[in-house]
Amino acid sequence: MSALLHVAASPRGSASESQALAATFLTAFAETHPGVPVDTLDLWDGTLPAFGAEATAGKMALFAGQEPQGEAAEAWRAVEATFRRFDAADRYLFSVPMWNAGVPYVLKQFIDVVSQPGLLFGFDPDTGYRGLLTGKKAAVVYTSAVYGPGRGPAFGSDFQSTFFTDWLHWAGITDVTEIHLRPDLVADDVDVRRGLAHAQARDAGKTF
């Protein structure tokens with residue numbers, strides 16, 4: 001069954017530019033895909049598991065052909081549950097603000113949780129990595145307050161879209177639509193940029 005998962009990486013709620021663009025996308029999507037369920041994963045709601053010592057121990061136990069035990073087993077079950085929720089969708093919408101030229105740390109935490117061998121990727125010593133999330137597609141809303149294409153180095157660099165879109169491709173998701181509002185704070189034509197970005201989000205949501 002087809003389903004869309006919105007992964008929200010901003011903690012700013014209604015004040016977030018990326019969340020606002022995602023809302024425009026989702027409204028248009030619902031109008032043209034009335035039978036497709038939409039799930040929202042708020043990365044800031046406290047349910048995202050850590051990937052620390054216990055989860056790592058569980059992962060290494062499985063690598064060794066053993067069953068994780070105790071806290072390691074509990075941590076690994078949380079990792080698997082997060083991945084299953086992610087993998088249950090065949091369409092993804094990510095709303096991603098730029099933080100310090102990159103992505104919010106909670107999005108990197110999500111990537112580290114779900115990027116597991118045999119789940120999200122496979123590996124061959126001769127051919128390298130192989131993404132397992134094939135047949136899926138993603139739309140990504142990228143926003144930034146100061147950085148923008150064509151602006152000088154004093155306005156920052158883009159380790160946001162370059163990192164995240166590359167991760168999607170690595171995971172096997174090669175059908176990626178990008179929606180940009182960059183910058184949204186220091187440009188003279190912010191209102192025009194915002195209007196164009198919302199129009200792009202609306203159009204993308206209709207045909208996604």
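This is a predicted model: local features need pLDDT of at least 70, side-chain atom pairs count only at pLDDT 80 or more; totals for chains, interfaces and linings use all residues.
**Stop 1: H1 and H6**

Select residues 17-32, which form helix H1, and residues 190-207, which form helix H6. The two helices pack at an angle of about 35°, and their axes are 7 Å apart. The crossing of H1 and H6 is right-handed. Now show the side chains in the contact: on H1 they include Leu 21, Phe 25 and Phe 29, and on H6 they include Arg 194, His 198 and Arg 202. Coloured by class, this contact of H1 with H6 has eight nonpolar, four polar and four charged residues.

**Stop 2: H2 and H3**

Next select helix H2, residues 53-63, and helix H3, residues 70-87. How are H2 and H3 oriented to each other? Their packing angle is about 90°, with the axes 7 Å apart. Angles of 65 to 115 degrees count as roughly perpendicular, so H2 and H3 are roughly perpendicular to each other. On the H2 side, the contact is made by Glu 54, Ala 55, Ala 57, Gly 58, Lys 59 and Leu 62. H3 contributes Glu 71, Ala 72, Ala 75, Trp 76 and Val 79. The contact of H2 with H3 divides into seven nonpolar, one polar and three charged residues.

**Stop 3: H3 and H4**

Select Val 79, Thr 82, Phe 83 and Phe 86 in H3, which meet Phe 110, Val 113 and Val 114 in H4. Which classes of residue make up the contact of H3 with H4? There are six nonpolar residues, one polar and no charged.

**Stop 4: two backbone details**

Most residues other than glycine have a negative phi, and most peptide bonds are trans. Asn 100 is not a glycine, yet has a positive phi of about 50°. Then move to Pro 183, in the loop between strand E7 (175-181) and H6. The peptide bond from Arg 182 to Pro 183 is cis, with omega near -5°.

**Stop 5: the largest pocket**

Finish at the largest pocket, which has a volume of about 210 Å³. Select Arg 12, Pro 97, Thr 143, Ala 145 and Asp 184: of the 13 lining residues, these are the closest to the pocket's centre. The lining of the largest pocket divides into five nonpolar, five polar and three charged residues.

Note on methods: Residues are numbered from 1 along each chain as its sequence is written. Side-chain values use heavy atoms; hydrogens and water are left out. Axes are lines fitted to C-alpha atoms, for helices over the stretch in contact, and angles run from 0 to 180 degrees between N-to-C directions. Helices (H or I, at least four residues) and strands (E, at least two) are DSSP runs, numbered from the N terminus. A crossing is left-handed if the near helix is turned anticlockwise from the far one by less than a right angle, and right-handed if clockwise. Contact means heavy atoms within 4.5 Å. Ala, Val, Leu, Ile, Met, Phe, Trp, Tyr, Cys and Pro count as nonpolar, Asp, Glu, Lys and Arg as charged, and the others, Gly among them, as polar. On a 1 Å grid over the protein atoms alone, a cavity is a set of points where a 1.4 Å probe fits but cannot get out, and a pocket is an open set with protein on both sides within 12 Å along at least five of seven lines; lining residues have an atom within 4 Å of a point. Grid points are joined across faces, edges and corners, and a volume is the space filled by probe spheres set on the points. Angles under 35 degrees count as roughly parallel, over 145 as roughly antiparallel, 65 to 115 as roughly perpendicular and the rest as oblique.
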